[in-house]
Amino acid sequence: MAGTVGATGATGTASAGGSTARDLLLTALAPASWATVYAVTATLLPDNRPMLAAALRALPAGLLLLAYNRKLPHGSWWWKSAVLAVLNFGAFLPLIFFAAYRLPGGVAATIGAVQPLLVAGFSLLVLRIRTSLPVLLAAVAGVGGVALMTLTGKAALDAPGVAAALLAVALIALSIVLTKKWGSGDSPLVMTGWQLTIAGLLLTPFTLLGEGLPAHLTGANIAGYTYIGVVATAAAYPLFFRGIGRLAPTSVSLLSLVGPPVAALIGVVAMDQTLTLWQVLGLVTALAAVVAGQTLGRRR
């Protein structure tokens, strides 16, 4: 009998470990896709139109998901969806596109890497959950790894761009914690559709009044907006929200460190770029921080 119970417990543990690994891999696809947004913004989108980029990223994707799911929020999820829509998209997207237009990718990536530390702070304030010291140290190591990999001696610091990037990262960190606190109002696809549509409707009048519409869009512009809306938004955010529902907040935020290494590897493979020894060290450090943080978090 004891042997049977032991075998069953081992199987259950293995199954749970496999499920967690699958959740981590699926969630990591979101920051991996977001790692390409800066390059797409710089090379394919019209110059200096952060509000237009935000609106076209949010509203078409949101309407597409709503048309597919055909569900509306219910009860308290009307106001909860509105709050999360502003944090995740309505305020976050204009800020992050503004930063993308004003900052080198390396500076933006390093600022984004502080997200796990902000999530740990919000978790303590909102959820009363204290992040263990080893996980915090892994997050700090991740920031250092990203800085080694992306920052150069010529990296320019634009004060408005830095402020926008920091505020954007803080908003998304708070959103992760609130989503964990409030739970799931519906499936990740439905939640993403609600939030994107609300944010898109909020952004549209500000876009029309503040920036207006461009006289024309090139084929490259349309391709860039389509890629960001479909791949980096409609497909990526449901995976991200799914991960928030299944993983600890710090585990989700640590996966943001996957983005810069993915961007660096894409540059090597697709753009004939080369990495210095320090960049390779930073890449390894960032990925090691992700693995260490997830492992230490599960043990905790």
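**Exercise 1. Helices H7 and H9**

In which hand does H7 pass H9, and how do the two helices meet in this predicted model?

Solution. Begin with the hand: the crossing of H7 with H9 is right-handed. Next, take the geometry. H7 covers residues 115-127 and H9 covers residues 159-182; their axes come within 9 Å and cross at roughly 45°. This angle makes H7 oblique to H9. Then list the residues that touch. On the H7 side they are Gln115, Leu118, Val119, Phe122, Ser123, Val126 and Leu127. On the H9 side they are Val169, Ala170, Ile172, Ala173, Leu174, Ile176, Val177, Leu178, Lys180 and Lys181. Finally, sort the residues of this contact by class: 13 are nonpolar, two are polar and two are charged.

**Exercise 2. Helices H4 and H5**

At what angle do H4 and H5 pack, and which residues make the contact?

Solution. H4 spans residues 77-90, and H5 spans residues 92-102. The angle between them is about 10°, with the axes 5 Å apart. Angles under 35 degrees count as roughly parallel, and H4 is therefore roughly parallel to H5. H4 contributes Val86, Leu87, Asn88, Phe89 and Gly90, while H5 contributes Phe92, Leu93 and Pro94. Sorted by class, the contact of H4 with H5 has six nonpolar residues, two polar ones and no charged ones.

**Exercise 3. Aromatic pairs**

How many aromatic pairs are there, and why is the pair of tryptophan 34 and phenylalanine 240 edge-to-face?

Solution. Two rings pair if their centres lie within 6.5 Å, and planes over 60 degrees apart count as edge-to-face. By this rule there are seven aromatic pairs. For tryptophan 34 and phenylalanine 240, the ring centres are 5.1 Å apart and the planes stand at 70°, so the pair is edge-to-face. The two residues belong to distant parts of the chain: tryptophan 34 is in helix H1 (residues 2-34) and phenylalanine 240 is in helix H11 (residues 219-246), 206 residues apart. Phenylalanine 240 has 4% relative accessibility and counts as buried.

Now apply these steps to tryptophan 79 and tryptophan 182. Their ring centres are 5.3 Å apart and their planes are at 75°, so this pair is edge-to-face. Tryptophan 79 lies in H4 and tryptophan 182 in H9, so the pair ties together parts that are 103 residues apart in sequence. With 48% relative accessibility, tryptophan 79 counts as partly exposed.

As a last step, look for linked pairs. Trp34, Phe89, Tyr237, Phe240 and Phe241 are joined by ring pairs into a cluster.

**Exercise 4. Positive phi**

What is the phi of asparagine 48 and of arginine 128, and where does each residue lie?

Solution. Asparagine 48 is not a glycine, yet its phi is positive, about 55°. Asparagine 48 lies in the loop between H2 (37-44) and H3 (50-69), and its relative accessibility of 59% counts as exposed. Arginine 128, also not a glycine, has a positive phi of about 60°. Arginine 128 lies in the loop between H7 and H8, and at 64% relative accessibility it counts as exposed.

**Exercise 5. The whole protein**

How many helices and strands does the protein have, and what percentage of its residues count as buried?

Solution. The count gives 14 helices and zero strands. Of the 300 residues, 46% count as buried. Among contacts between residues at least 6 apart in sequence, 91% join residues at least 24 apart.

Notes. Residues numbered from 1 in each chain as written. Predicted model: local features only at pLDDT ≥ 70, side-chain atom pairs only at ≥ 80, totals over all residues. Heavy atoms only, no water. Axes fitted to C-alpha atoms, helices over the stretch in contact; angles between N-to-C directions. Helix = DSSP H or I, 4+ residues; strand = E, 2+ residues; numbered from the N terminus. Parallel < 35°, antiparallel > 145°, perpendicular 65-115°, else oblique. Left-handed = near helix turned anticlockwise from the far one by under 90°. Contact = heavy atoms within 4.5 Å. Nonpolar A, V, L, I, M, F, W, Y, C, P; charged D, E, K, R; others polar. Phe/Tyr/Trp six-rings, centres within 6.5 Å; stacked < 30°, edge-to-face > 60°. Buried < 20%, exposed > 50% of the residue type's maximum accessible area, 1.4 Å probe, protein only.
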